[in-house]
Amino acid sequence: AKKLTGKVALVTGGSRGLGAAIAKRLAEDDAAVALTYTSSPQKADEVVQTIESAGGKALAIRADSADVEAVKNAVAETVKAFGRLDILVNNAGVAVLAPIDQFSLEDFDRLVAINIKGVFVATQEAVRHMGEGGRIINIGSVNSDLVPFAGGSVYALTKGAIASFTRGLARDLGPRGITVNNIQPGPVDTDMNPADGSFADNIKGMTALQRYGQSDEIAGMVSYLASAEAGFVTGASLNIDGGFTA
Ligand code: NDP
């Protein structure tokens, strides 16, 4: 359905995994879509080509979410290319799993820089351009609510921060007609969390549905939250996890 005609979206980390599926889905909804990447220019290009060959508008921008200037530039490039910005999807994220005694300060700083600070900077820049009907959609994690294994403490910390940032931001931006929501996926089959890994059988068993999710299933929730129909949803953390937290 062409429910985002005339809208412009920016998806961080749109070259692979969830971000690539989200970028393609928003383009199917008829938004013009900018996407950022860091190390996968070819994959980013493939996403752009897929969108363009279906008649959509897309743009790939190299921007490390840990680099404040690069993130600001990505927002500026998006507005320059497409003339406005309506939807920001803060998807770029990294996971490092290690027990607390072995977790390096470097990895801690990197997770905070990408998963938290990058979200703050992108959001602050993006809302300068957003009006009534604007949408901030964060990709958190169910690990914000449930960490059923060891080694996930710092990753969970960053995703918990996204859940609370979402609530506060909804209060800041509500009067301007901008909604802010946090999608918390359970296990989704991507490079970050492959469904054929050795740990995967364990994880599958923890879901009610006994399976991993697919990126397209998460993209469907993004599509809904980005639409006009979702105008009364804000400040919410929405689990889409196959019953992982049921
Ligand atoms: P992937 O590792 O499969 O893909 C990550 C994407 O983010 C890639 O496009 C990558 O681009 C980009 N990216 C990584 N680091 C940076 C950076 N520093 N700056 C800009 N872009 C970056 O991850 P997923 O698709 O699985 O995860 C996407 C989001 O979903 C993350 O926030 C993750 O925490 C969250 N999530 C994932 C779950 C899962 O089970 N898969 C579950 C719950 C949440 P490039 O290749 O160019 O570096």
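**Notebook: loops, helices and the ligand shell**

I began with Asn 193, which counts as partly exposed because 18 other C-beta atoms lie within 10 Å; on this scale 20 or more such atoms within 10 Å make a residue buried, 12 or fewer make it exposed, and anything in between is partly exposed, with C-beta atoms placed from the backbone. I must note at once that this is a predicted model, in which local features need pLDDT of at least 70 and side-chain atom pairs count only at pLDDT 80 or more, while totals for chains, interfaces and linings use all residues. Residues are numbered from 1 along each chain as its sequence is written.

I checked the confidence values before going on. The mean pLDDT of the protein chain is 98, and 100% of its residues reach 70 or more, where pLDDT is the predictor's confidence in each residue, from 0 to 100. The model scores ipTM 0.99 and pTM 0.99.

**Asn 193, continued**

I placed Asn 193 in the loop between strand S6 (179-185) and helix H6; helices (H or I, at least four residues) and strands (E, at least two) are DSSP runs numbered from the N terminus. Leaving out residues up to four places away in sequence, I found Asn 193 touching Pro 187 and Val 188, a contact being a pair whose C-beta atoms, placed from the backbone, lie within 7 Å. I also looked up Ala 95, which is 98 residues from Asn 193 in sequence but 9.4 Å from it in space, C-alpha to C-alpha.

**Two positive phi angles**

I noted the background rule that most residues other than glycine have a negative phi. Asp 30 has a positive phi of about 90° although it is not a glycine, and its place is in the loop between H1 and S2. Asp 30 is partly exposed because 17 other C-beta atoms lie within 10 Å of its own. Gln 210, also not a glycine, has a positive phi of about 60° and lies in the loop between helix H6 (200-206) and helix H7 (215-226). Gln 210 counts as exposed, because it has 10 C-beta neighbours inside 10 Å.

I then turned to H1, which has 12 residues and reaches 17 Å from its first C-alpha to its last, close to the 16 Å expected at 1.5 Å a residue; the expected span is 1.5 Å times one less than the number of residues. Because 11 of its 12 residues are buried, H1 is largely enclosed by the rest of the structure, and among those buried are Gly 17, Lys 24 and Arg 25.

I asked myself which element supplies the largest share of the shell around the ligand. The entry is H1, with three residues, and I recorded that helix H1 (17-28) and strand S2 (32-37) each supply at least two residues of this shell. Of the 31 residues around the ligand, Gly 13, Gly 17, Tyr 37, Ser 40 and Gly 93 come nearest, a residue being near when its C-beta atom, placed from the backbone, lies within 6 Å. I read the shell as 12 nonpolar, 16 polar and three charged residues, with Ala, Val, Leu, Ile, Met, Phe, Trp, Tyr, Cys and Pro counted as nonpolar, Asp, Glu, Lys and Arg as charged, and the others, Gly among them, as polar.

**Helix H4 and its cover**

Helix H4 (residues 105-127) has 23 residues and reaches 31 Å from first to last C-alpha, close to the 33 Å expected at 1.5 Å a residue. I found a kink of about 35° in H4, centred on Lys 117, the bend at a residue being the angle between axes fitted to the seven residues ending there and the seven starting there. The buried residues of H4 include Val 119, Ala 122 and Thr 123, and what covers the buried residues includes strand S4 (87-90), strand S5 (135-139) and helix H5 (153-173).

I followed that cover to Asn 90, found in strand S4 and counted as buried because it has 30 C-beta neighbours inside 10 Å. Beyond four places in sequence, Asn 90 is in contact with Thr 12, Val 119, Ala 122, Thr 123, Asn 138 and Ile 139. The C-alpha atoms of Asn 90 and Asn 138, 48 residues apart along the chain, are separated by 4.7 Å.

**Val 180**

My last entry is Val 180, in strand S6, which counts as buried because it has 28 C-beta neighbours inside 10 Å. Its contacts beyond four places in sequence include Ile 136, Leu 169 and Thr 234.

Terms used
Contact = placed C-beta atoms within 7 Å.
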